[in-house]
Amino acid sequence: WNKSSINWTDPLHTPRLRHFANMSAFPTPSLHGCTSMTSLCHFSNVCFSRQDGILVFDVPELQNQSTMTNSRLPKTSAMYEEKWYLPNSTFSKVSVPKKPMLLPPQIYKSLKNVYFAKKMLVMNCWRTSEHNTNPAHMLMGMGNMFVYGKSDVNVSSHQSPNNGPAFDLLLAHQCSVINGWPWGEYVHDLFWRKAVREGTIHPSHGNASMFLPFSTGNLSKDDTVVCGEDVYFAPRWTAMYLANNNIKAIEAWENLIEEELPMGTHPEEAMSVREGVVNHTLPCNLRSLRIAVFQRNEGSALRSFQNIDKVRTLAKEYTSREVPIITVNSTTPPGRQAALFQSFDILITPHGSHLSNMIFNKRKSVFIEVACVYYDAAPAMNGKSFAKSWINSYGHKPYNNPELVQNMNKCVGKDLDTCNQSLRLKFIQSDMVVDTTILRANLIQAVSIFCDPAV
């Protein structure tokens with residue numbers, strides 16, 4: 001199949017969608033239940049647009065609906081006591097991009113482009129526009145394709161199990177389109193192979209996927225809206241790369257990339273880097289440690305180490321090897337990115353989307369994420385699953401930014417009451433002068449972890 005020939009955002013590219021015109025006869029939305037509130041929930045007749053939320057049309061029968069049509073939720077759940085689509089319900093306390101949005105008749109009846117799928121898995125990439133190719137956000141949503149399959153549908157569904165594919169459609173909600181984005185295409189194809197092999201989706205690649213990238217503004221009558229007779233959606237997980245990053249999913253992913261990495265987009269480049277991985281064996285030899293420093297060269301915030309030479313000099317105290325400065329960007333072949341993130345034992349790195357390549361590390365390396373202040377973002381959360389260990393290194397001085405320097409004392413700790421997330425984000429985006437005393441302590445910790453066979 002030819003990716004470039006597919007308009008991923010056009011509902012007409014898939015025969016699995018049918019146009020729905022009689023909005024006065026729209027079927028009643030329902031929540032049938034969840035395997036748990038941290039896994040898939042099963043809905044009927046709910047919809048999605050480019051804007052936030054699960055769209056719940058306020059049809060007359062909805063208000064008369066019992067709280068639950070199926071008893072698969074834990075009996076302790078507050079969802080037994082509250083309507084699932086109301087603002088005060090337990091379900092409505094999920095993050096806004098996944099929150100149920102109740103639409104009155106005057107809005108939903110005016111919609112012209114409403115389409116129905118029979119059974120679909122919805123994957124939310126958290127407010128990513130069409131051309132915002134952010135690997136972390138892609139993984140937050142489309143990692144669900146790798147994790148969820150027939151067994152999850154059969155457990156959460158009120159219907160009898162069937163022998164066909166688990167889903168007719170994969171809806172990439174608020175996800176950037178992968179056309180022309182080599183890294184996105186590469187990872188998407190890895191996910192897809194497993195999904196097809198295990199019967200999650202039909203192998204006709206192109207017409208079983210649709211993307212609804214995020215768009216600001218209010219829902220208009222001409223917007224595309226995609227609904228499902230049966231909809232499966234994980235409401236809770238936001239920043240995790242493979243749904244909830246359970247160990248079974250991590251091991252399955254590691255097995256897949258062990259098979260596929262040499263067959264990357266540019267296998268000759270991948271293998272040349274990968275030789276260092278294959279030939280490096282434990283037990284740990286301190287003088288042969290492969291320590292690298294990452295320097296960003298692309299993006300709105302480079303977060304550069306202004307004293308990178310001192311960082312390298314410090315790192316050289318812990319190995320007899322050279323300490324290379326490495327980088328990747330949107331032009332780096334994805335196979336090479338994957339292999340590069342298996343080529344070091346310890347990486348000293350700023351925060352950034354490049355760290356999504358940790359998914360290829362197979363829990364082999366220790367990452368030291370360097371920032372001015374503590375910031376528990378997606379890399380650190382996922383690093384616990386994809387790296388050998390993850391160290392947040394903070395307390396480093398912002399470069400050439402008097403405002404941030406002035407606020408340093410109240411933001412260096414983890415207390416959100418003294419330093420909110422908005423201010424912390426400004427620190428995270430800043431260039432910095434690395435405090436080598438702090439980094440030395442982090443390196444000692446990293447070496448100890450890497451060389452401990454029990455870790």
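Trainee: Which helices each supply at least two residues of the lining of the largest pocket?
Mentor: This is a predicted model, where local features need pLDDT of at least 70, side-chain atom pairs count only at pLDDT 80 or more, and totals for chains, interfaces and linings use all residues. Residues are numbered from 1 along each chain as its sequence is written, and side-chain values use heavy atoms, leaving out hydrogens and water. A pocket is an open set of points on a 1 Å grid over the protein atoms alone, where a 1.4 Å probe fits, with protein on both sides within 12 Å along at least five of seven lines, and lining residues have an atom within 4 Å of a point. The helices (DSSP runs of H or I, at least four residues, numbered from the N terminus) that each supply at least two lining residues are α2 (135-147), α4 (182-197), α9 (378-386) and α12 (421-428).

Trainee: Which residues of the lining lie nearest the centre of the largest pocket?
Mentor: The lining of the largest pocket counts 46 residues. Those nearest the centre are Asn134, Ala136, His137, Gly352 and Ser353.

Trainee: Is Cys175 buried or exposed?
Mentor: Cys175 sits in the loop between β8 (169-173), a strand (a DSSP run of E, at least two residues), and α4. Beyond its neighbours within four places in sequence, Cys175 is in contact (heavy atoms within 4.5 Å) with residues including Met123, Met142 and Phe211. Because its relative accessible area is 0%, and under 20% counts as buried, over 50% as exposed and in between as partly exposed (1.4 Å probe, protein chains only), Cys175 is buried.

Trainee: What separates the C-alpha atoms of Cys175 and Gly141?
Mentor: Along the chain, Cys175 and Gly141 are 34 residues apart.
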